[in-house]
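The report below is written for a reader meeting this structure for the first time. Please keep the sequence and the model in view while reading.

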Amino acid sequence: MKKVLSLVLALCVLLSVAVVASAESEIVSINVGLNSAPVGTNIWYQNDLNSATIVYLCCTPLVAMDENGVKYNYLSESAEANEDCTEWTVKLREELTWNDGTPVTASDLLFTARYGTEHHIGFFDSYYGLVDFENSKVIDDQTVLFKLTSGNVNFWQGAGYWIPIMRESEWKDVEDPTTYEYSGAGYGPYYIKEWVDGEYVVLERNPYFTLANDGKGANIDQIVFRVYTDENAMVLALQNGEIDVCANFLSASSVSQLSADPKYQISSVPSLGYALMTFSQTNALLQDVNVRKAIAMCSNRDALVAIAFAGAATPMYNPISPVYSEFVASDIRQPAYDPAAAAELLAGAGYADTNGDGILEAADGTPLSFKITYKSTLANVDGVMSILKSGCAEAGIELVLQPVDAATFSANVTQGHTYDISYSSWGTIDDVDTTLLTCFGIGQTLNFMEFNSEEQEALLTAMQSETDYEARVELLNQWQTWFVENLPCCHLLVPNNTYAANTENFEGWSIVYGNSAYMAAAQFVNVKAK
C-alpha cells in the first residue's frame with residue numbers, strides 16, 4: 001500500500017512539474033539590448049535615458065507622441081484649459097490600474113505634482129512649478145483641477161509627457177526621494193519583477209492594463225533588458241540572437257553592418273533633441289563670453305556631420321533645432337566655424353601664449369585648458385571628440401577628453417554641476433515656444449551649466465503665458481538674438497536616430513519621435529510573436 005501511495009505521489013509531482021513547464025513554455029519573452037547600464041529605478045529624480053526607457057513601460061507618461069510628432073492624451077482621457085491657460089482640468093482614463101489591481105486615482109496625480117515640487121526633484125519645478133497647490137484639487141476619482149499662478153499654454157503637454165504618476169501609498173512616507181529605490185510597481189503595460197544593477201532587468205506584463213489590443217493589454221508577457229559594455233557588444237548580441245532588439249539608436253557603422261541582412265528592420269526618425277556642448281559657469285574662464293564664442297567658432301559642424309556621423313545628422317546653426325522650421329525662419333545663427341577668427345577674438349580679449357606651448361593663457365597665467373566630459377557610450381563620440389579637440393587646438397584652446405559612464409556623467413554633470421565643458425545629446429526638446437525655460441531657466445534641472453540670466457528668464461517666462469502664437473514666435477526670436485550674443489552653450493547637430501530589430505521571431509515594430517523608439521509603451525504593446 002505504501003508503495004502505491006509513493007507511486008501516486010511521485011506521479012502527482014511529475015504532473016505538477018509538467019503543468020508548470022507547459023505554463024512556462026507559453027510565456028512569450030523578448031530580449032532587449034542596452035548599450036550601458038541603467039542608473040536606477042527612480043527616474044523621477046535622475047535623468048538617465050536607459051532607466052527611463054525601462055521604467056516608462058511601467059509608469060508610463062500620460063501623454064504620448066504620434067508618428068507625426070504630435071502629442072496626444074494616451075493614459076489621460078482629456079486635458080482642458082480655460083481661456084488664459086491658468087486653469088487645467090485633467091481627467092485620467094478610468095481603466096488605469098496598478099499591477100496589484102489597485103486603481104490609479106486623481107489623488108495619485110495631484111500627489112505626484114505636489115510631492116515632486118515640494119522636494120524639488122527632477123523636472124517637477126520645470127513642469128509643475130506654476131501650480132497653486134492650495135487652490136488645486138481633486139474633483140473626482142479620475143479628475144484633477146490644476147490652478148496655475150500664471151498661464152502656461154502647454155502645461156499638460158509638458159507635464160503629462162515627461163512626468164509619470166507616483167504611487168501616493170508608496171511615496172508619501174519617503175523623506176528623501178534622492179536616495180529612494182522605487183519598488184517597480186506599474187500602471188502601464190508592465191511592472192518591474194527583477195532589477196540586477198549592471199546586468200539585467202526583467203519586466204512582467206501588467207495583467208490589469210487593458211488599453212491595447214482590444215482590452216487584452218500587451219502581447220509580450222516578459223521583457224528582459226540585457227546590459228552590454230558598449231554599442232559594438234550590443235550589436236554583436238543582436239547578430240548572435242542573444243537579443244531581439246536594440247533599445248538605443250545606433251551609429252552609422254552599425255547601421256551599415258546590419259542593413260545588408262533583410263531580417264533586421266532598420267527604422268530612422270529625426271531626433272527632436274540635439275547634440276551640444278555646455279559651458280559650466282563654475283569655471284571662471286568660461287564666464288568670459290569671448291572664450292565661449294571662441295570654442296563655438298572652433299566647432300566644425302559640417303565635419304561632425306560628414307565625418308563623425310557619416311552624414312546621418314543635420315548641422316545645427318541656430319539655437320533652435322531645424323526640425324522646427326517655423327521657429328528658425330528668422331535664421332538667427334550661432335558663431336560660424338572659423339578657428340583663425342577665434343584666435344583673433346581671444347587675442348583681443350587679452351589671452352596669449354606666453355610659454356610657447358600652444359595653449360593660450362589668461363592675464364593671471366591660467367591656461368585655456370578645459371576638461372570635456374561625455375558619456376563614453378554615445379554613438380559616434382570618438383569622432384566627435386577628435387574634431388572638437390583639433391578645432392580648438394587651432395585657436396590655442398586645449399580640450400582634455402574625459403569619457404565616463406552614464407552614472408558618473410549624471411553625478412558630475414546633470415546632478416553635481418562639477419565639470420568644465422560637457423558634450424551630450426538631449427533626446428527631446430519639445431514645445432520649444434514654451435518649454436525652453438526648462439532648459440535655461442534659473443534653477444531649472446537642465447540648466448546644469450548654471451548660466452543664470454534675469455533677461456533670459458523674463459523672455460522665456462513671457463513665452464509660456466502668451467496665448468497668441470505669432471506673439472510667441474516674436475518672443476522666441478528675441479530670445480534667439482539674446483542667445484547668440486551670450487552663448488550659454490553651443491548647439492552642434494541633430495542626429496538621425498536609427499534603430500534595429502530582428503523580425504525573425506517578432507513583428508509589429510514601429511517607431512515615433514521621442515526617446516524610446518521601438519520601446520515606447522504605445523508602440524511596444526503592439527509587438528507580438530510570430
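## Terms and basis

A residue is called buried when its relative accessible area is under 20%, exposed when that area is over 50%, and partly exposed in between, using a 1.4 Å probe and protein chains only. By that rule Ala 517, with a relative accessible area of 3%, is buried.

This is a predicted model, in which local features need pLDDT of at least 70 and side-chain atom pairs count only at pLDDT 80 or more, while totals for chains, interfaces and linings use all residues. Residues are numbered from 1 along each chain as its sequence is written, and side-chain values use heavy atoms, with hydrogens and water left out.

Helices (H or I, at least four residues) and strands (E, at least two) are DSSP runs, numbered from the N terminus. Contact means heavy atoms within 4.5 Å.

Ala 517 sits in the loop between strand S19 (506–507) and helix H18 (521–524). Leaving out residues up to four places away in sequence, Ala 517 touches Tyr 499, Ser 510, Ile 511 and Gln 523. Although Ala 517 and Ser 267 are 250 residues apart along the chain, their C-alpha atoms are separated by 9.1 Å.

Leu 203 belongs to strand S9 and is buried, with a relative accessible area of 0%. Not counting residues up to four places away in sequence, Leu 203 touches a set of residues that includes Ile 54, Leu 57, Cys 58, Tyr 190, Ile 192, Ile 223 and Phe 225. Its C-alpha atom and that of Gln 281, 78 residues away along the chain, are separated by 41 Å.

Ser 424 is part of strand S17 and is buried as well, at a relative accessible area of 8%. Apart from its neighbours within four places in sequence, Ser 424 is in contact with Tyr 274, Ala 275, Leu 276, Leu 378 and Phe 409.

## Two aspartates with positive phi

Asp 214 has a phi near 55°, a positive value in a residue other than glycine. This residue is found in the loop between strand S9 (200–205) and strand S10 (222–227), and at 83% relative accessibility Asp 214 counts as exposed.

Asp 431 also has a positive phi, of about 45°, although it is not a glycine. Its place is the loop between strand S17 (421–426) and helix H14 (432–435), where Asp 431 is buried, with a relative accessible area of 15%.

## The buried face of helix H7

Which residues of helix H7 (residues 231–240) are buried? They are Glu 231, Met 234, Val 235, Ala 237 and Leu 238. Seen down the axis of H7, these buried residues fall within an arc of 155°, so they line one face of the helix; the arc is that of the directions from the helix axis to the C-beta atoms.

The elements that cover the buried residues of H7 include strand S1 (29–34), strand S11 (245–246), helix H8 (252–259), strand S12 (264–270) and strand S18 (489–502).

## How helices pack

Two packed helices are described by the angle between their axes and the distance between the axes. The axes are lines fitted to C-alpha atoms, for helices over the stretch in contact, and angles run from 0 to 180 degrees between N-to-C directions. Angles under 35 degrees count as roughly parallel, over 145 as roughly antiparallel, 65 to 115 as roughly perpendicular and the rest as oblique.

Helix H10 (residues 301–308) packs against helix H12 (residues 381–394) at an angle of about 150°, with the axes 10 Å apart, which makes H10 roughly antiparallel to H12. In this pair, Ala 303, Leu 304, Ile 307 and Ala 308 of H10 meet Gly 383, Val 384, Ile 387 and Leu 388 of H12.

Helix H16 (residues 454–465) and helix H17 pack at about 160°, with their axes 9 Å apart, and H16 is therefore roughly antiparallel to H17. Among the residues making this contact are Leu 459, Leu 460 and Met 463 of H16 and Leu 475, Trp 479 and Trp 482 of H17.

Helix H9 (residues 289–297) meets helix H17 (residues 469–486) with axes that come within 8 Å and cross at roughly 95°, so H9 and H17 are roughly perpendicular to each other. Val 289, Arg 292 and Lys 293 of H9 make the contact with Val 484, Glu 485 and Asn 486 of H17.
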